[in-house]
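Have a look at the model, then read on.

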Amino acid sequence: MRTRSAVLWNTGDKWSVEELEASDPAAGEVTVRIRATGLCHSDDHNVTGDFSAPLPVVGGHEGAGEVVAVGAGVDRFSVGDRVITFPMPSCGRCRFCSKGRSWLCDLSARTMSATGANDRFRFHKGDTGIGAFTQLGTFSEYTTVSEAQVFALPDDIPYTAAALVGCGFSTGYGAAVRAGRVEPGDNVVVVGVGGVGMAAVQGARIAGAASVLAVDPVQFKLDEAVRFGATHTARSIEEAEPILRELSWGVMSEVVIVAVGIMHGDLLGPIADLVGKGGKMVMTSVTPLSETTVSLMLSPFAMSGKSLVGNLAGFTNPVADFDEMWRLHRRGHVRLEEMITKTYTLDEINQGYGDMHAGNNVRGVVVFD
Ligand SMILES: NC(=O)c1ccc[n+]([C@@H]2O[C@H](COP(=O)([O-])OP(=O)(O)OC[C@H]3O[C@@H](n4cnc5c(N)ncnc54)[C@H](O)[C@@H]3O)[C@@H](O)[C@H]2O)c1
Ligand SMILES: [Zn+2]
Ligand SMILES: [Zn+2]
């Protein structure tokens, strides 16, 4: 099937919008006509080289659209179904899925590979095979994906809002509600309030946090964070420390969520100082693969019973947890539309990422006709 898609050919390039051929659906796959896709920072890590998806790759993983073709044996979806994509597959059969931890599904072993489970490239340009980031490639009019990576989208949720749930919203909301297990009365800190962090602010509010301290160098993000439920703001980790000390009566934070655009090892120690006795740091951000050291005084960390939790996709079990988010959205608790600062056409995708780097967007979204 002919499609226009945004491809990254080499590290450091811009996204190149070109005509490609999307694969027809093999057994267990569906072809989705993408209607909206969010500009998550994770795609950009391939541009900067902080991630290592094999290139060339069609970017995009935070998508929503309509099923237009189904392969043999697909029984979860039919042509015409509205769906969202999700980077983590959910087979429902492996050890992790069957224990209710489907974000760790065994099928995700292929997530960062050039080809899907059937060894096929998802896109071609002439004879050249082109991969799909996280086997999704939603920066594309059409993409063919495993049925284990798409999930039903109710009719009343617009595609633009739904796309955010396909990665950033679920990851941030889940950082607070699931990975961090925020409890009523907690003092929560969110370091970095872009798309993911703003969802973490919402998750903390919904979970009943007494205070939510948003930390970001960009004033616009802090102003937005207050709209989404932050009770306090700070421009840096250093500025946050005395504010948190005062508001928590010296106890510091039960849950600190890290959602900065790029994490560096030297930030770990100062962030760990915001965590109180028995508290958790929820590490959501990506650190460049070239960085292998962190700066942290381990003894006080251990002797205060603190923990560091790696957060993958907000510990989301898509089948059950997306339904939770749609219900909360219908009642106005989960705010999705408000997180979309600006929409773009596919041809404007590099402008969208420019705006992300400039700090202009909570989330930019590419909308297809
Ligand atoms: N773990 C997962 O499953 C998962 C899923 C999605 C995204 N991510 C990662 O989460 C991170 C955030 O993604 P995003 O899409 O929200 O990015 P974003 O660029 O929209 O937001 C990042 C925010 O961090 C702020 N920031 C940068 N340096 C900071 C610092 N030192 N202190 C405080 N704030 C700082 C920026 O101003 C910005 O507002 C990225 O690293 C992304 O790759 C991880
Ligand atoms: Zn599984
Ligand atoms: Zn993402």
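## The zinc site at ligand 3

Along the chain, the donors of the zinc ion (ligand 3) follow the spacing C-x20-H-x105-C. They are Cys40 (SG), His61 (NE2) and Cys167 (SG), lying 2.0 to 2.3 Å from the zinc ion. Donors here are N, O and S atoms within 2.8 Å of the metal (3.2 Å for Na, K and Ca); water is not among the atoms, so sites may look incomplete. His61 sits in the loop between strand E4 (57-58) and strand E5 (63-70), and Cys167 in the loop between helix H3 (159-165) and H4, so this pair ties together parts that are 106 residues apart in sequence. Helices (H or I, at least four residues) and strands (E, at least two) are DSSP runs, numbered from the N terminus.

Some housekeeping: this is a predicted model, where local features need pLDDT of at least 70 and side-chain atom pairs count only at pLDDT 80 or more, while totals for chains, interfaces and linings use all residues. Residues are numbered from 1 along each chain as its sequence is written, chains are lettered from A and ligands numbered from 1 in the order in which they are written, and side-chain values use heavy atoms, with hydrogens and water left out.

## The zinc site at ligand 2

Which residues hold the zinc ion (ligand 2) as protein donors? They are Cys91, Cys94, Cys97 and Cys105, each through SG, at 2.3 to 2.4 Å. Their sequence spacing reads C-x2-C-x2-C-x7-C. The four donor atoms subtend angles of 104 to 116° around the zinc ion (ligand 2), which makes the arrangement tetrahedral (four donors with all angles between 85 and 135 degrees).

## H4 and its two partners

Two packed helices are described by the angle between their axes and the distance between the axes. For helix H4 (residues 168-179) and helix H5 (residues 195-207), the axes come within 7 Å and cross at roughly 40°. Axes are lines fitted to C-alpha atoms, for helices over the stretch in contact, and angles run from 0 to 180 degrees between N-to-C directions. That makes H4 oblique to H5; angles under 35 degrees count as roughly parallel, over 145 as roughly antiparallel, 65 to 115 as roughly perpendicular and the rest as oblique. On the H4 side, the contact includes Phe169, Tyr173 and Val177, and on the H5 side Val196, Gln202 and Ile206 are among the residues involved (contact means heavy atoms within 4.5 Å). By class, the contact of H4 with H5 has 10 nonpolar, six polar and no charged residues. Ala, Val, Leu, Ile, Met, Phe, Trp, Tyr, Cys and Pro count as nonpolar, Asp, Glu, Lys and Arg as charged, and the others, Gly among them, as polar.

H4 also meets helix H10 (residues 318-330), with axes that come within 12 Å and cross at roughly 95°. That makes H4 roughly perpendicular to H10. Phe169, Ser170, Tyr173, Val177 and Arg178 of H4 touch Asp321, Phe322, Glu324, Met325 and Leu328 of H10. The tally for H4 with H10 is six nonpolar, one polar and three charged residues.

## H1 against H11

The axes of H1 and helix H11 (residues 349-357) come within 11 Å and cross at roughly 100°. The two helices are therefore roughly perpendicular to each other. His41, Asp43 and Asp44 of H1 make the contact with Tyr353, Met356 and His357 of H11.

Is the peptide bond from Leu55 to Pro56 cis or trans? It is cis, with omega near 0°, and Pro56 belongs to the loop between helix H1 (41-48) and E4. Asp119 has phi near 65°, a positive value in a residue other than glycine. You'll find Asp119 in the loop between helix H2 (95-98) and strand E7 (123-125).

Notes. Four donors count as tetrahedral if all angles lie between 85 and 135 degrees; four count as square planar and six as octahedral if opposite donors are over 155 degrees apart and all others between 65 and 115; anything else is irregular.
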